[in-house]
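Here is my note on the model. Please keep the structure open while reading.

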Amino acid sequence: MSNLSCYNPNSFTLVGIPGLEKFHMWIGIPFFVIYAMAIVGNSILLYLIAAERSLHKPMFFFLSMLTTTDLILSTATVPKLLSSFWLGSQEITFSGCLTQMFFLHFSFVVDSAILLAMAFDRYVAICFPLRYSTILTPQVVIKLAVSIIMRSFSVILPAVFLLKRLPFCRTRVIPHTYCEHIGIAHLSSADISVNIWYGFCILLMTAISDVIFIAVSYAFILHAVFQLSSQSARQKALGTCGSHVCVILMFYTPAFFSILAHRFGHSVPRNVLILFANLYVSIPPALNPVVYGVKTKQIRDKFILLFSL
């Protein structure tokens, strides 16, 4: 019976931010504000894209996908953080922990693929402007969206079963605010080398390869832009990429910093790493609508019109 409970534990305990327990009540306040900003901002953005026919274009379709995924990412983590900090609800069921882990990593992989699709959209728009509507047809856009979802689902789902095979007899206390793949695996007393290598392969097949293809896309974009004879044309072409570049930097910079810090930053205090990991999953979803609202003229105009009525 004891061995059976090791392979099917009832629950885990999420400690929160170790060493800062007495500040949890106050730390929760900015996370609540950031989460509220993410919900309101992304909901307004989704409404504008759905309601305005002039925004029914491939770029804004991918933006609506990014917005939806950001809502999933922040909702998968922040509400549990707030309930732990404010209500003392630190326990999470084993199935709940695996569900949170799945949606956390699934959202990350989907976000990365959407940013790549948006880079492809900008590449076609700038390098082949006359063929844009014939290349990115509604059918092609739908196929891209389905492939993004299927790729993300197929690479993250096996991680759930890799965790379910592990025994958790040693400890069930997670020194974090949310459940993530390697964090859960480290609680097991069994060999987790398969989990570690699979996690590395996921990162290599998704985020790292996406970054490489995004860089290649922007290399072609810059080459095409600097061949334009007019200075105003170059500025206009680059201006259409500004919001996308900002979102790319906000998404990948903290993500890779967090990954590298966990792998190699052994001198960095654990509470700093966990705090940064929480900022990474909460701030980009809140700032993305602001970036696109400020830098994208079509969205900015519709936003002003919506609130001027």
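**Notes on the predicted model**

1. Start with the helix over the sheet. Helix H4, residues 94-127, lies across E1, E2 and E3. Its direction is about 85 degrees to E2. Bear in mind that this is a predicted model.

2. Next, the sheet itself. It is open and has 3 strands, in the order E2-E1-E3. The pairing is mixed. Strand E2 (91-93) and strand E3 (173-174) are the edge strands, and each pairs on one side only.

3. How do E1 and E3 pair? Strand E1, residues 11-14, runs in the parallel sense with E3, and the pairing spans 2 bridges. To find the place on screen, look for Leu 14, which stands opposite Ile 174 in E3.

4. Now the surface. There is a nonpolar surface patch of about 1200 Å². Among its residues are Phe 23, Met 25, Trp 26, Ile 29, Phe 32, Val 33 and Met 37. The patch also includes Trp 86, Leu 87, Leu 287, Val 290 and Val 294.

5. Which helices supply at least two residues each of the nonpolar patch? They are helix H2 (24-51), helix H3 (58-87) and helix H11 (270-295). H2 gives the largest share, 6 residues.

6. Val 294 sits in helix H11. Is Val 294 buried or exposed? Val 294 counts as exposed because its relative accessibility is 53%, and the cut-off for exposed is over 50%.

How values were computed: Residues numbered from 1 in each chain as written. Predicted model: local features only at pLDDT ≥ 70, side-chain atom pairs only at ≥ 80, totals over all residues. Heavy atoms only, no water. Patch = residues over 30% accessible without salt bridge, like charges linked within 9 Å, V, L, I, M, F, W, Y side chains within 5 Å. Areas by Shrake-Rupley, 256 points an atom, 1.4 Å probe, with all protein chains shown as cover. Salt bridge = Lys/Arg side-chain N within 4 Å of Asp/Glu carboxyl O. Helix = DSSP H or I, 4+ residues; strand = E, 2+ residues; numbered from the N terminus. Buried < 20%, exposed > 50% of the residue type's maximum accessible area, 1.4 Å probe, protein only. Pairing = 2+ DSSP bridges. Contact = heavy atoms within 4.5 Å. Axes fitted to C-alpha atoms, helices over the stretch in contact; angles between N-to-C directions.
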